[in-house]
Amino acid sequence: SHTDLYSPFEPRSYQLELALPAKKGKNTIICAPTGCGKTFVSLLICEHHLEKFSQGQKGKVVFFANQIPVYEQQKSVFSKYFERLGYRVAGIYGATAENVPVEQFVENNDIIFLTPQILVNNLKNGTIPSLSVFTLMIFDECHNTSKQHPYNMIMFNYLDQKLGESLDPLPQVIGLTASVGVGDAKNTDEAMDYICKLCASLDASVIATVKDNLEELEQIVYKPQKFFRKVESRTTDQFKCIISQLMRETESLAKSIYGELENLSQIQNREFGTQKYEQWIVTVQKACMVFQMPDKDEESRICKALFLYTSHLRKYNDALIISEHARMKDALDYLKDFFGNVRAAGFDEIEQDLTGRFEEKLQELESVSMDPSKENPKLEDLCFILQEEYHLNPETRTILFVKTRALVDALKKWIEGNSKLSFLKPGVLTGRCKTNQNIGMTLPAQKCILDAFRTSGDNNILIATSVADEGIDIAQCNLVILYEYVGNVIKMIQTRGRGRARGSKCFLLTSNADVIEKEKINIYKEKMMNDSILCLQTWDEAVFKEKILHIQIHEKFIRDSQRKEKPVLDKENKKLLCRKCKALACYTADVRVIEDSHYTVVGDAFKKCFVSKPHPKPKKFSSFEKRAKIFCARENCSHDWGIHVKYKTFEIPVIKIESFVVEHIATGVQSLYSKWKDFHFEKIPFDAAEMSK
């Protein structure tokens, strides 16, 4: 991993070249390929920065990283290096922030690692009075500085100070990225505008790239050769026919319950087994939640029925996607699991009916999925490439990117069950996924898989969704396969940097010709980006600074005029209803806010509305201890409402707004919110005194 770069501490010429403008004190965006040691470049800049201060005043550096695995990696590199020199290095990220008095923490250390939201919160609440406490800010993956991203929130604060009256000195700014990107630019002029806007957001007057030492750089970062393979899908698909028939039946059952089903979503001409179908289901489920009838029992019955039908449709849709890209067997196992869980839970009439329909077809599905002549031709192509590559180089390390979490599991099972691929030892790497607690991977698990890939011969192929393509340092992997997977420009270059070993290759396998086109457009966008950077580097620095100042003034003007339109607080009391069965849960007047971000309900009435089960993963975070999960108490509903926690001395429920529908009492209008911060009602803070009454 990083050891090759850090043990000798002999910076390479291109690393010194990248560090030069920043060492002169200029605000710089450093744009260089993944894997060339940008962390080390920032370390050189940091060391130079801290050493130039005289005895009196001291330098203070803050390093921002978005992703915790990346943060961990960089913090440990900095600690090793700087603690020998007598500097204090420390970090706070997300979960640990609550327990740490941030101002002392900043005060007592020389180099501080933060996830950006922590600084945003502390600037907002005044704990940290101004960015002037820092003398250098380093933004890792700085291409994220746009829109409402926490990086941009920090820079808004910086720019308000720069353009305001204050005379306090501002910190120097460094941004690190493998690719500044070009947004939706169609030509070099638009690309230049996009890049100027990023520079304005980071107040950068220089873009540093390797120019004088390109040969040396290319020795170290090999761009993999790119191969495009068009693969063929199955010609006939019995599995798809049967599942589609089940989906059609389920849709007509839903229509028989509610005739207006088609009007619940704007999404037109959906097809089974597509992302679009998934989106249709999501929009229908949302519409169900706010839909209303004079007869409330009827409304509840219909909502619940539609929720069940669409949930089954979603699973069938997932299964079609698995079967399209992996084996029918994996898709069938996925469905059998699902129906097993349904049977173990409430299992009401509708679920029994749907399970019965599935089981009628099970025999036929089993025999189709066992038929060797019906194998997925795409898998044969994938198998062939893997056999070839490992034959050429048995030491190959591969990362295989796929679209969905379910496909990760399906392909792992396929590899493990395939005698032709017995030389592969697959591991998986996926994001922390919200939907189903047991599916997403927690960060420690992610970290340990990455370590396994790095250090041992344990895994020689990692199957991943998109997590690995930003910033996580995956060691010497020399084969990248994008299997029916396509990202954007930034991701593309980052993925390219991931295939780090000599002679690395990147295969794009897809049955869709448009995807190959898209990827070629990405390559063109990358060229456009490089041309634009070269062009901007020829500008006179004073002229460039002037241009950026104009952008900053204009953007601040827009920002300030939007700020004036504060959301109007609606002080009227409202009902919260269960999103699944529409049972009344509580009123907004009973909701209390803890530490600005957690919502509980006071009063005894609410206690009768939910039931709780011990939490599968009880754990502490900040001042909370997760004890249990809570569910709607209405018979046959048990919709997930949130958790039960111990907070200080109180045992209280914490609810998530995405589990409820908000009903305006006077008008009966219903609305949905996925986050509490989007729901503008009068938020009463939690008060211990009120609780002890």
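**Figure 1. Strands S14 and S15 side by side.** Strand S14 and strand S15 pair in the antiparallel sense over three bridges. This is a predicted model, as are all the views that follow. To find your way in, look for Lys 575, which stands opposite Tyr 587 in S15. The pair belongs to an open sheet of four strands, in the order S15-S14-S23-S24, with antiparallel pairing. At the edges of this sheet stand S15 and strand S24 (670-671); each has a single partner strand, so one side of each is left without a neighbour in the sheet.

Figure 2. Lys 582 sits in the loop between strand S14 (574-578) and strand S15 (584-587), while Glu 299 belongs to helix H12 (residues 296-325), so the contact ties together parts that are 283 residues apart in sequence. Are these two residues, Lys 582 and Glu 299, buried or exposed? Both Lys 582 and Glu 299 are buried.

**Figure 3. A sheet of three strands with mixed pairing.** Now we turn to an open sheet in which three strands follow the order S17-S16-S25, and the pairing is mixed. Its edge strands are strand S17 (598-601) and strand S25 (684-685), each pairing on one side only. Strand S16 (residues 591-594) pairs with S25 in the parallel sense, over two bridges. A handy landmark is Val 593, whose bridge partner in S25 is Pro 685.

**Figure 4. Glu 595, in the loop between S16 and S17.** Staying with these strands, we find Glu 595 in the loop between S16 and S17. Its phi is near 45°, a positive value in a residue other than glycine. With 33% relative accessibility, Glu 595 counts as partly exposed.

**Figure 5. Glu 484, another residue with positive phi.** Glu 484 lies in the loop between strand S12 (479-483) and helix H18 (489-498). Phi of Glu 484 is near 50°, a positive value in a residue other than glycine. Is Glu 484 buried or exposed? Glu 484 is buried, and its relative accessible area is 8%.

Figure 6. Side chains of opposite charge can pair when their charged atoms come close. The structure holds 41 salt bridges, and this view shows one formed by the side chains of Lys 547 and Asp 193, at 3.9 Å from N to O. Lys 547 is in helix H20 (residues 541-563) and Asp 193 is in helix H8 (residues 188-201), so to follow this link you step between distant parts of the chain, 354 residues apart. Lys 547 counts as partly exposed at 29% relative accessibility, and Asp 193 counts as partly exposed at 46%.

Lys 197 forms a salt bridge with Glu 555 too, and the closest N and O atoms are 3.6 Å apart. Since Lys 197 lies in helix H8 and Glu 555 in helix H20, the pair ties together parts that are 358 residues apart in sequence. Lys 197, at 43% relative accessibility, counts as partly exposed; so does Glu 555, at 28%.

**Figure 7. A network of charged side chains.** Which residues are linked in a network of salt bridges? The members are Asp 160, Lys 556, Arg 559, Asp 560 and Arg 563.

**Figure 8. Cysteines without a disulfide.** A disulfide is a covalent bond between the sulfur atoms of two cysteines. How many disulfides does the structure hold? The structure holds zero. Take Cys 31: the closest cysteine sulfur, in Cys 142, is 8.0 Å from its own sulfur, which is too far for a bond. Cys 31 counts as buried, at 8% relative accessibility. Cys 196 is in no disulfide either, and the nearest cysteine sulfur, that of Cys 199, is 6.2 Å away. Cys 196 counts as buried as well, at 1% relative accessibility.

**Figure 9. Helices H2 and H3 crossing.** The crossing of H2 and H3 is right-handed.

Definitions and conventions: Residues are numbered from 1 along each chain as its sequence is written. This is a predicted model: local features need pLDDT of at least 70, side-chain atom pairs count only at pLDDT 80 or more; totals for chains, interfaces and linings use all residues. Side-chain values use heavy atoms; hydrogens and water are left out. A disulfide is a pair of cysteine sulfur atoms within 2.5 Å. Buried means under 20% relative accessible area, exposed over 50%, partly exposed in between (1.4 Å probe, protein chains only). Two strands pair if DSSP finds at least two bridges between them. A salt bridge is a side-chain nitrogen of Lys or Arg within 4 Å of a carboxyl oxygen of Asp or Glu. A crossing is left-handed if the near helix is turned anticlockwise from the far one by less than a right angle, and right-handed if clockwise.
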